[in-house]
Amino acid sequence: MSRPLVVIPTYNELENLADTVARVRAAVPAASVLVVDDSSPDGTGELADELAAGDPVVQVLHRTAKDGLGAAYLEAFAWALDRGFDPIVQLDADGSHLPEQLPRLLERLEATDAVGRADLVIGSRWIPGGSIENWPRRRELLSRWGSAYARAVLRLDTRDATAGYRAFRADALRRIRLEDVHTRGYGFQVDMLWHAREAGLTVAEVPVTFVERAHGRSKMSPAIVVEAMVRVSAWGIRSLFKRRPRRAAGSDGSSPSSHA
């Protein structure tokens, strides 16, 4: 692990950002932080600039419009790769991804097992040891169903296909061919995982606790979920006509696509 970067996309996260950045810096002092703000009207971007002014390893990307989570991450990935960061981590600003659990993702990324080191590590809610806190039952069922649907349609091994807490090797992002990832909304996480599978990457999962935000409002809506499921269905049909790369079989579940 040379120059880890934690990417934190924001839109109206004024109440959460400072605490999240501080916790990331405490959990992994060697990590830099990139806040990617989509012109938040509540002043999140200005707060990010203040945090960057007080800490040289915190930097800010200001985007001119709210263009979706996927667009923010793709711009951040390109920024990070140009500057030699490795690995590159996705982390939500709202406190749902516990920064204190970030070391376990990075440690798994560096671990070597029978199939070699992972290219991508996912913080998973749906493997043994993973959990959620303060979620209504309806939302839990929706999330579990979304992951199950994506796994079935796209033939993925990953248990938590929609999880957003992820650590990528820089080389893995290059192999995915980010220019071919076009999803900008909720389906971005599944889109990236599908491209990882198509690129033959080794994906592992580690258990994490997902905590419902304490401040602000969730950006999730039924329309976003429906759009994502439509896209997943289209990708599944498309994948039937594509040849998949050969990948080594693994014995612990961290093989070609995941640690289940």
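At 36% relative accessibility, Arg-175 counts as partly exposed. Its salt-bridge partner is Asp-119, with the side chains meeting at 3.6 Å, N to O. Asp-119, in contrast, is buried, with a relative accessible area of 11%. Arg-175 lies in helix H6 and Asp-119 in the loop between H4 and S5, so the pair ties together parts that are 56 residues apart in sequence. These values, like those that follow, come from a predicted model.

The protein as a whole has eight helices and nine strands. Of its 260 residues, 52% count as buried. Among contacts in the protein with a separation of 6 or more, 79% are between residues 24 or more positions apart.

The structure holds 13 salt bridges, including the pair described above. Side chains of opposite charge can pair when their charged atoms come close. Another salt bridge joins Glu-100 and Arg-23, at 2.9 Å from N to O. This pair links distant parts of the chain, 77 residues apart: Glu-100 is in the loop between strand S4 (88-90) and helix H4 (102-110), and Arg-23 is in helix H1 (residues 17-27). Glu-100 counts as partly exposed at 47% relative accessibility, and Arg-23 counts as partly exposed at 21%.

A further salt bridge is formed by Arg-63 and Glu-75, whose closest N and O atoms are 2.7 Å apart. Because Arg-63 lies in the loop between strand S3 (58-62) and H3, and Glu-75 in helix H3, the pair ties together parts that are 12 residues apart in sequence. Arg-63 counts as buried, at 9% relative accessibility, whereas Glu-75 is partly exposed, with a relative accessible area of 33%. Both residues belong to a network of salt bridges that also links Asp-38 and Asp-67.

The largest nonpolar core comprises 37 residues, of which Phe-77, Ile-88, Leu-173, Ile-176, Leu-178 and Met-192 touch the most other members. Two or more residues are given to this core by each of strand S1 (5-10), strand S2 (32-37), helix H3 (69-82), strand S5 (120-124), helix H5 (137-154), helix H6 (170-176) and helix H7 (188-198). The most come from H3, which gives eight residues. A second, separate core has 26 residues, among them Ala-31, Val-35, Val-89 and Tyr-165.

Two residues illustrate the surroundings in this part of the structure. Apart from neighbours within four places in sequence, Met-192 is in contact with Phe-77, Arg-166, Phe-168, Leu-173, Ile-176, Leu-178 and Val-181. Leu-81 is found in helix H3 and is buried, with a relative accessible area of 16%. With neighbours within four places again left aside, Leu-81 is in contact with Ile-88, Ala-170, Leu-173, Arg-174 and Leu-178. The C-alpha atoms of Leu-81 and Ala-170 are separated by 6.6 Å, although the two residues are 89 residues apart along the chain.

Two packed helices are described by the angle between their axes and the distance between the axes. The axes of H3 and H7 come within 9 Å and cross at roughly 50 degrees. H3 and H7 are therefore oblique to each other. On the H3 side, Leu-69, Gly-70, Tyr-73, Leu-74 and Phe-77 meet Phe-188, Gln-189 and Met-192 of H7. Classed by type, this contact has six nonpolar residues, two polar residues and no charged residues.

Several backbone features occur in loops. The peptide bond from Asp-86 to Pro-87 is cis, with omega near 0 degrees, and Pro-87 has its place in the loop between H3 and S4. Ser-39, a residue other than glycine, has a positive phi, near 55 degrees. Ser-39 lies in the loop between S2 and helix H2 (44-54) and is partly exposed, with a relative accessible area of 37%. Phi is also positive at Arg-177, near 65 degrees. Arg-177 lies in the loop between H6 and H7, where its relative accessible area of 45% makes it partly exposed.

How values were computed. Residues are numbered from 1 along each chain as its sequence is written. This is a predicted model: local features need pLDDT of at least 70, side-chain atom pairs count only at pLDDT 80 or more; totals for chains, interfaces and linings use all residues. Side-chain values use heavy atoms; hydrogens and water are left out. A nonpolar core is a set of buried Ala, Val, Leu, Ile, Met, Phe, Trp, Tyr and Cys residues joined through side-chain atoms within 4.5 Å. Buried means under 20% relative accessible area, exposed over 50%, partly exposed in between (1.4 Å probe, protein chains only). Helices (H or I, at least four residues) and strands (E, at least two) are DSSP runs, numbered from the N terminus. Contact means heavy atoms within 4.5 Å. Axes are lines fitted to C-alpha atoms, for helices over the stretch in contact, and angles run from 0 to 180 degrees between N-to-C directions. Angles under 35 degrees count as roughly parallel, over 145 as roughly antiparallel, 65 to 115 as roughly perpendicular and the rest as oblique. Ala, Val, Leu, Ile, Met, Phe, Trp, Tyr, Cys and Pro count as nonpolar, Asp, Glu, Lys and Arg as charged, and the others, Gly among them, as polar. A salt bridge is a side-chain nitrogen of Lys or Arg within 4 Å of a carboxyl oxygen of Asp or Glu.
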